[in-house]
Amino acid sequence: GVGLALCRRLLEEDGRIHLCIACRNTQKSEATRDLILATHPAAQVSTVEVDLGNLASVLRVARELRCRFQRLDFVYLNAGIMPNPHVNFKALWHGLLTGKVLHMLTTAEGIMTQTDRLNGDGLQEVFATNLFGHFILVRQLESLLCGNEKPSRLIWTSSSNARESAFSLSDYQHAKGQESYSSSKYATDLTSVVLNRKFNKQGLYSSVVCPGLVMSNMTYRILPVFLWKLLMPVMWLIRFFAKTYTLTPYNGAEAHVWLFKQKPEYLDALVKYHSCTSGLGKSYVEPRKIDVDEETAEKFYQKLLELEKQTLERYSDLLD
């Protein structure tokens, strides 16, 4: 997916960097490392195992990273799940009749639902994996991210599906709705905005990107593979009208790589950077204002801190 494409592209930009790739299981980590080394045999690539939906796993990997490294220059927060996705074909047909189908196809607004569940920590699984696990990881790695000679960067993978209408402060884990993915990505945008306000003076900067519609393992779970194959010619045509149909992981990583080359002091904290691809296949980055209320972002951040305190009490043996 985008993560593997990003690793390869970062090494094309600077072969001197040390990549540390994080996957949910050791076999996948090593397989990914082998794929990277096959095209970049001289690269420095290490691995760690972490399940972002499991707080004990997050705390263990944070402790391991603190032992391994003195600083982290970039942390790409790219893990995400979309369990049991369903397409609302009735809503899609309605969008076709009302002229809103292109908007719906580029944002999945109104046509994508998920069935969420509680994880082993008693948290909603999508919220825990897509946001809270990342948040705890960042909090645990502050000593490696703040106060360095050069700025450190957080780059979150958000989505054009991040919508305020799917998010509620009173139900920020989205236990009562069916758009948990959209809610978690909007929560990601809120979190990034607040982190900049809290940590820029300590040399830590946060940005959000949208990879566009990428054909990956996550996408293939939405519809049967044979149906995607039938739809691919249509999707290539749609790209002439919908520039966020990046389709390939390489194109989807465009904004991630672009941010790697930017000075964070000059970036707008209220902008999401979208990977785009023209109808003729040219990749570029388009900045768009994030639709967030900064007061809501601050209130949500306080709720995250409260939840952090509550949940970490049971893991005192994994805390320094």
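Predicted model: local features only at pLDDT ≥ 70, side-chain atom pairs only at ≥ 80, totals over all residues.
**Entry 1: L247**

I looked up L247 and found that at 2% relative accessibility L247 counts as buried; buried means under 20% relative accessible area, exposed over 50% and partly exposed in between, with a 1.4 Å probe and protein chains only. L247 lies in the loop between α10 (225-238) and α11. Helices (H or I, at least four residues) and strands (E, at least two) are DSSP runs, numbered from the N terminus. I noted that phi of L247 is near 70°, a positive value in a residue other than glycine. Most residues other than glycine have a negative phi.

Residues are numbered from 1 along each chain as its sequence is written, and side-chain values use heavy atoms, with hydrogens and water left out.

I then turned to the loop between β6 (152-157) and α8, where H174 is found. Phi of H174 is near 60°, again a positive value in a residue other than glycine. H174 is buried, with a relative accessible area of 8%.

D171 has its place in the loop between β6 and α8. With a relative accessible area of 14%, D171 is buried. Leaving aside neighbours within four places in sequence, I found D171 in contact with K176 and G177; contact means heavy atoms within 4.5 Å. I also looked up the C-alpha atoms of D171 and S183, which are 12 residues apart along the chain and separated by 9.7 Å.

**Entry 2: Helix α8**

I checked the length of helix α8 (residues 180-199). At 1.5 Å a residue, its 20 residues should span 28 Å, and the end C-alpha atoms are 28 Å apart, which agrees. The expected span of a helix is 1.5 Å times one less than its number of residues. Helix α8 is mostly covered, since 18 of its 20 residues are buried.

I next examined how α8 meets α13: the two helices pack at an angle of about 90°, with their axes 9 Å apart. Axes are lines fitted to C-alpha atoms, for helices over the stretch in contact, and angles run from 0 to 180 degrees between N-to-C directions. The helices α8 and α13 are therefore roughly perpendicular to each other; angles under 35 degrees count as roughly parallel, over 145 as roughly antiparallel, 65 to 115 as roughly perpendicular and the rest as oblique. From α8, residues including A187, L190, V194 and F199 meet residues of α13, among them A297, F300, Y301 and L304. By class, I recorded 10 nonpolar, three polar and four charged residues in the contact of α8 with α13. Ala, Val, Leu, Ile, Met, Phe, Trp, Tyr, Cys and Pro count as nonpolar, Asp, Glu, Lys and Arg as charged, and the others, Gly among them, as polar.

**Entry 3: Helix α6 against α13**

I looked up α6 (residues 125-140) and α13 (residues 294-312): their axes come within 11 Å and cross at roughly 80°. The helices α6 and α13 are therefore roughly perpendicular to each other. The contact involves F127, L131 and F135, among others, of α6 and residues of α13 including F300, Y301, L304 and E308. The contact of α6 with α13 has 11 nonpolar, two polar and two charged residues.

**Entry 4: G122**

I placed G122 in the loop between β5 (112-113) and α6. G122 is partly exposed, with a relative accessible area of 45%.

I found V61 in helix α3 (residues 55-68). V61 counts as buried at 2% relative accessibility. Not counting residues up to four places away in sequence, V61 touches V48, E49, V50 and L137. The C-alpha atoms of V61 and V48 are separated by 7.0 Å.

For helix α1 (residues 2-13), I noted that V2, L4, A5, L6, C7, R9, L10 and L11 are buried. These buried residues pack against β1 (18-23), α2 (26-39), β3 (74-77), α11 (249-252) and α12 (254-260).

**Entry 5: Whole chain**

I counted 13 helices and nine strands in the protein. Buried residues make up 53% of its 320 residues.
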